[in-house]
Amino acid sequence: MNELTTQTTLELQRAAKGLFTRTALVLQGGGALGAYQAGVYEALAKAGYEPHWLAGISIGGINAAIIAGNKPEDRLPRLKDFWQQITPLVSPALPELGEAGHQLFNRVSAAVTALFGLPGFFRPRFPPVWLRQRGAPGALSFYDTSPLRVTLNRLVDFDFINSGNAPRLSLGAVNVRSGNFVY
């Protein structure tokens with residue numbers, strides 16, 4: 001970026017900040033979209049925008065909780081920590097193999113994740129769900145998400161969220177019994 005462009009950008013940022021008294025950040029679900037959201041938050045934070053209200057669902061809810069559950073100076077390091085921890089086990093450092101190679105990489109990566117889970121996020125249940133007694137806690141899903149609870153307890157200060165000093169946080173989820181959204 002040249003000096004004129006940088007100066008113009010900074011002037012536009014200052015002018016825009018004066019127009020709005022509150023900033024909301026709404027983050028939707030969708031796996032890899034969450035990594036993109038973390039990058040967007042990083043750009044907003046570097047431009048001086050800190051959200052007053054965060055709303056999220058699925059992976060967006062996790063990102064929102066990490067942002068809201070930390071003081072501004074700790075938000076980016078905690079987001080980066082989360083995304084580095086749950087990055088798939090298969091390395092993307094492959095030579096360029098064209099479209100067929102890209103498709104093969106995606107399939108192998110998905111298979112490894114399905115078989116082994118993601119550290120700090122989820123793991124396959126053992127014994128598998130179909131070998132468990134009907135109605136038992138482990139019979140509800142193929143994956144155990146208790147590693148995510150440990151990760152979030154490490155990365156999110158829930159006392160800070162409830163202190164009144166954190167940005168407002170609204171989360172959505174699906175009620176597994178009814179299929180309806182709950183906020």
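Mentor: Let us start with Ala68, which lies in helix H3, residues 59–68, and keep in mind that the model is a predicted one.

Trainee: What makes Ala68 count as buried or exposed?

Mentor: Buried means a relative accessible area under 20%, and Ala68 has a value of 0%, so Ala68 is buried. Leaving aside its neighbours within four places in sequence, Ala68 is in contact with Leu54, Phe160, Ile161, Ala166, Pro167 and Leu169.

Trainee: How do you know that those partners are in contact with Ala68?

Mentor: The criterion is that heavy atoms come within 4.5 Å of each other, and the residues that meet it with Ala68 include Phe160 and Ile161. As for Asn162, its C-alpha is 10.0 Å from that of Ala68 in space, although the two residues are 94 apart in sequence. For the chain as a whole, among contacts with a separation of 6 or more, 61% join residues 24 or more positions apart.

Trainee: Why is H3 called largely enclosed by the rest of the structure?

Mentor: Because 10 of the 10 residues of H3 are buried, the helix is described as largely enclosed; the buried residues include Ile59, Gly60, Gly61, Ile62 and Asn63. For the chain, by comparison, 31% of its 183 residues count as buried.

Trainee: Which residues does a cis peptide bond join?

Mentor: That bond joins Phe126 and Pro127, with omega at about 0°, and Pro127 belongs to the loop between strand E3 (123–124) and strand E4 (143–144).

Trainee: How do you know that H5 reaches the span expected at 1.5 Å a residue?

Mentor: Helix H5 (residues 98–116) has 19 residues, and its first and last C-alpha atoms are 27 Å apart, which is close to the expected 27 Å. Just after H5, Gly117 takes a positive phi of about 80°.

Trainee: Which residues of H5 are buried?

Mentor: They are Gly101, Phe105, Ser109, Val112 and Thr113. Because these residues cover an arc of only 105° around the axis, they are on the same side of H5. An α-helix has 3.6 residues a turn, so residues three or four places apart point the same way. On the other side of H5, Glu99, Ala100, Leu104, Arg107 and Leu115 are exposed, a word that requires a relative accessible area over 50%.

Trainee: How many residues line the largest pocket, and which of them lie nearest its centre?

Mentor: The lining has 22 residues, and Gly31, Ser58, Ile59, Ile62 and Phe121 are those nearest the centre. The elements that each give two or more residues to this lining are H3 and strand E5 (168–174), and the space in the pocket is about 530 Å³.

Trainee: How do the residues of that lining divide into nonpolar, polar and charged?

Mentor: The lining holds 16 nonpolar residues, 6 polar ones and no charged ones; in this scheme Gly counts as polar, which matters for Gly31, a residue of the lining.

Trainee: Which residues line the second largest pocket?

Mentor: Leu140, Ser141 and Val176 line the second largest pocket, in which about 160 Å³ of space lies.

Technical notes:
Residues numbered from 1 in each chain as written. Predicted model: local features only at pLDDT ≥ 70, side-chain atom pairs only at ≥ 80, totals over all residues. Heavy atoms only, no water. Helix = DSSP H or I, 4+ residues; strand = E, 2+ residues; numbered from the N terminus. Expected span 1.5 Å × (residues − 1). Buried < 20%, exposed > 50% of the residue type's maximum accessible area, 1.4 Å probe, protein only. Arc of directions from axis to C-beta. 1 Å grid on protein atoms, 1.4 Å probe; cavity = no way out; pocket = protein on both sides within 12 Å on 5 of 7 lines; lining within 4 Å. Points joined across faces, edges and corners; volume = space filled by probe spheres on them.
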